[in-house]
Amino acid sequence: MLSINIPKHTTPDQYELGEVPSLAVERPTDILIKVHAASINPIDVKKASGATKMVLKDSFPYKIGYDCAGTVVNTGSQVTRFKAGDEVFVRLPECHRGSWSELARSTEEFVSFKPKGLSMEDAASIPLAAMTSLQALRGYEGDLEGKTVFIPAGLGGTGLFACQLAKNVFKAGKVITTVSTTKVPQVRELLGEGVVDEIIDYKQSDPKTTIPPQSVDFIFDTTGSAMEYLPLMRPKGAIVTVTILTSGDVLQNSSVMRRSPDKQDKATVPFAIRIGLNVMDRIRVARASRYGVKYSSIFLEPNAIDLDSIRQWVEAGKLKTIVGTKADFRDIQAVRKACQVVFDGRGGVGKSVIVFV
């Protein structure tokens, strides 16, 4: 089968489109999916560049991609929820990574039915970013209803879902976000009226001085600036980040370390790295605690239960996606260009999607 892959860790300009061994149902729990669309996420391109090679040994050719939407081709004998022909979307587990391929394989615990009325391209853009946002917002101990939530980069791939979930699902009282000058008018146009209450043009104003001190209850840090915003936080507030490597203990227990569908088969974070990550994490936790703030960094734990909830919110009109760029799977130059924008982390609006035609 054709797959976008790499012979070694590298940047997007070296991605290749070529033949790799095809997939088939091998275990009773397997689901085989014909991919119609796959999204490009920061973790896809960062991990392909070797960002986790110190803690996780990858095999080559390395197949890229976690998110996709498509049609079920075949299922194992123990799969009860899905059958051939079903339209689904999924965030693949690490052990089945490779959604930028003609076929993808997963197990039932990660797959959900595609939201009704949604295109394959739109559906593929949702799983990783929306689930990450959902799990981050749950990091606030208590009820976010009526609270003030700050989510930088509200038109980014993750921020767009976080803003909508904060307002439409968690019932936040005030949602604040940041975008560049040209994107200010797009926030309400793309996310809908009433989702974001305050839009800060970070090119013109510094959020650290624009937002009053001790006025924010929760920050979902999508830009790596969590520590800078501590003075904005109310005591007993919380910050959850997905941009700074988490503690070694959390990393060790995360799904990214699973080498096979067997949950007990995990790679081991080297002892020195695990201790070093723990120390750095505890420094950030201690720094936040001086402000009375709970700080945590998370890894996405993909699962069908959360994806089912997201599907229901999409169908109910509480959550929508924004696809800013589409690249043809067979046009490797277009794919490289789209991936480079995600790798650089600036300039894009919404999600970028690879389309299989």
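1. Start with Q214. This residue sits in the loop between helix 6 (207–210) and strand 12 (216–221). The model is a predicted one. Phi of Q214 is near 50°, a positive value, and the residue is not a glycine. Q214 is also exposed, at 51% relative accessible area. The cut-off for exposed is over 50%.

2. K236 is placed in strand 13 (residues 233–241). With a relative accessible area of 75%, K236 counts as exposed.

3. The bond from F60 to P61 is cis, and its omega is near 0°. P61 lies in the loop that runs between helix 1 (42–48) and strand 4 (62–63).

4. Next, the packing of helix 3. Two packed helices are described by the angle between their axes and the distance between the axes. Helix 3 (residues 127–137) packs on helix 4 (residues 159–169) at an angle of about 45°, and their axes are 8 Å apart. That angle makes helix 3 oblique to helix 4. The crossing of helix 3 past helix 4 is right-handed. On the helix 3 side, the contact is made by A129, A130, S133, L134 and L137. Helix 4 supplies F161, A162, L165 and A166. By class, the residues of this contact are eight nonpolar, one polar and no charged.

5. The axes of helix 3 and helix 9 (residues 304–315) come within 10 Å and cross at roughly 100°. The two helices are therefore roughly perpendicular to each other; the range for that term is 65 to 115 degrees. P127, A130, M131, L134 and Q135 of helix 3 meet D306, L307, I310 and W313 of helix 9. This contact divides into seven nonpolar residues, one polar and one charged. A130 and L134 are listed in the contact with helix 4 and also in the contact with helix 9.

6. On cysteines: how many disulfides does the model have? The count is zero. Take C68. Its sulfur is 14 Å from the closest cysteine sulfur, that of C95, which is too far for a bond. The cut-off is 2.5 Å between sulfur atoms. C68 counts as buried, at 1% relative accessibility. C163 is buried as well, with a relative accessible area of 0%.

7. Then K83. Is K83 buried or exposed? K83 is exposed, at 54% relative accessible area. This lysine lies in the loop between strand 5 (67–75) and strand 6 (87–91). Leaving aside residues up to four places away in sequence, K83 touches V72 and T75. K83 and L32 are 51 residues apart in sequence, yet 9.9 Å apart in space, C-alpha to C-alpha.

8. Last, F89. This residue lies in strand 6. F89 is buried, with a relative accessible area of 0%. The limit for that class is under 20%. F89 and A38 are 51 residues apart in sequence, and their C-alpha atoms are 9.4 Å apart in space.

Conventions:
Residues numbered from 1 in each chain as written. Predicted model: local features only at pLDDT ≥ 70, side-chain atom pairs only at ≥ 80, totals over all residues. Heavy atoms only, no water. Axes fitted to C-alpha atoms, helices over the stretch in contact; angles between N-to-C directions. Helix = DSSP H or I, 4+ residues; strand = E, 2+ residues; numbered from the N terminus. Parallel < 35°, antiparallel > 145°, perpendicular 65-115°, else oblique. Left-handed = near helix turned anticlockwise from the far one by under 90°. Contact = heavy atoms within 4.5 Å. Nonpolar A, V, L, I, M, F, W, Y, C, P; charged D, E, K, R; others polar. Buried < 20%, exposed > 50% of the residue type's maximum accessible area, 1.4 Å probe, protein only.
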